[in-house]
Amino acid sequence: MKRYPIQKIHPKYRDKITQFLNKHWESVQVVSRGHLYSADQLPGFIALDQQSIIGLITYHIEGDQCEIISLNSLKEGKGIGSRLIEAV
């Protein structure tokens, strides 16, 4: 099984992440537990197939709590979502 690299979000990917979220979530804005987040500005990790984003996780840490704000994996059954969660 091909393993796709998982890497911490680098500022050079922010525009691609904004496009990805708009395509798959129809917005970069996510409301969770009464808070509004701009998911494209949060820390996270991406999975790449060459230069295309095929997986994304964003999260928010407050105190000792970590909340996943967004999670997408475009290739099912490849372990991408699990590996993104493990990276957080």
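This is a predicted model: local features need pLDDT of at least 70, side-chain atom pairs count only at pLDDT 80 or more; totals for chains, interfaces and linings use all residues.
Trainee: Where do I start? Which residues have the most contacts inside the largest nonpolar core?

Mentor: Ile-17, Leu-21, Ile-46, Ile-53 and Leu-56 have the most contacts inside that core, which has 15 residues.

Trainee: Which elements give two or more residues to this core?

Mentor: Helix H1, residues 14–25, is one of them, and the others are strand E4 (44–49) and strand E5 (52–62). H1 gives the most, with three residues.

Trainee: Take Leu-21. What does Leu-21 touch, not counting residues up to four places away in sequence?

Mentor: Leu-21 touches Glu-26, Ser-27, Val-28, Ala-39, Asp-40, Leu-56 and Ser-70. Leu-56 is also among the residues with the most contacts inside the largest core.

Trainee: Changing topic. How many salt bridges does a search of the whole structure find?

Mentor: The search finds two. In one of them, the side chains of Glu-67 and Arg-33 meet, at 3.9 Å from N to O. Glu-67 is in strand E6, while Arg-33 is in the loop between E2 and strand E3 (35–38). The two residues are 34 residues apart, and the pair links distant parts of the chain.

Trainee: Is Glu-67 buried or exposed?

Mentor: Glu-67 counts as buried, because its relative accessibility is 16% and the cut-off for buried is under 20%.

Trainee: Then which residue forms a salt bridge with Lys-75?

Mentor: Asp-49 does, and the closest N and O atoms are 3.3 Å apart. Asp-49 sits in strand E4, and Lys-75 sits in the loop between E6 and H2. Asp-49 is buried at 18% relative accessible area, whereas Lys-75 is partly exposed at 29%.

Trainee: Back to Arg-33. What lies 3.1 Å from the backbone oxygen of Arg-33?

Mentor: A polar atom of the side chain of His-35 does. His-35 is in strand E3 and counts as partly exposed, with 42% relative accessibility.

Trainee: How many Å separate the C-alpha atoms of His-35 and Ser-73?

Mentor: They are separated by 24 Å, and the two residues are 38 residues apart along the chain.

Trainee: What about Ser-32? Which residues is Ser-32 in contact with, leaving aside its neighbours within four places in sequence?

Mentor: Ser-32 is in contact with Tyr-37 and Glu-67. Glu-67 is the residue whose side chain meets that of Arg-33 in a salt bridge. Ser-32 itself is in strand E2, residues 29–32, and is buried, with a relative accessible area of 16%.

Trainee: Next, Asn-72. Where is Asn-72 found?

Mentor: Asn-72 is in strand E6, residues 65–73. Asn-72 has a relative accessible area of 12%, so Asn-72 is buried.

Trainee: Which side chain does a polar contact of 2.6 Å join to that of Asn-72?

Mentor: The side chain of Trp-25. Beyond its neighbours within four places in sequence, Asn-72 is in contact with Phe-20, His-24, Trp-25, Ile-54, Gly-55, Leu-56 and Leu-84.

Trainee: Now the outside. Which residues form a nonpolar patch on the surface?

Mentor: Ile-68, Leu-71 and Ile-85 form one, and together they have about 220 Å² of accessible area. Ile-85 lies in helix H2, residues 80–87. With a relative accessible area of 42%, Ile-85 is partly exposed.

Trainee: What lies in the segment after H2?

Mentor: Val-88 does, and Val-88 counts as partly exposed at 37% relative accessibility. Leaving aside neighbours within four places in sequence, Val-88 is in contact with Phe-45, Ile-57, Tyr-59 and Cys-66.

Trainee: Last one. How many Å separate the C-alpha atoms of Val-88 and Val-30?

Mentor: They are separated by 18 Å, and the residues are 58 residues apart along the chain.

Definitions and conventions. Residues are numbered from 1 along each chain as its sequence is written. Side-chain values use heavy atoms; hydrogens and water are left out. Patches are made of residues with over 30% relative accessible area and no salt bridge: like charges are joined within 9 Å, nonpolar side chains (Val, Leu, Ile, Met, Phe, Trp, Tyr) within 5 Å. Accessible areas come from the Shrake-Rupley method with a 1.4 Å probe; for residues, only the protein chains shown count as cover. A salt bridge is a side-chain nitrogen of Lys or Arg within 4 Å of a carboxyl oxygen of Asp or Glu. Helices (H or I, at least four residues) and strands (E, at least two) are DSSP runs, numbered from the N terminus. Buried means under 20% relative accessible area, exposed over 50%, partly exposed in between (1.4 Å probe, protein chains only). A polar contact is a pair of N or O atoms within 3.5 Å; within protein, one must be able to donate a hydrogen and the other to accept it, and residues adjacent in sequence count only if both atoms are side-chain atoms. Contact means heavy atoms within 4.5 Å. A nonpolar core is a set of buried Ala, Val, Leu, Ile, Met, Phe, Trp, Tyr and Cys residues joined through side-chain atoms within 4.5 Å.
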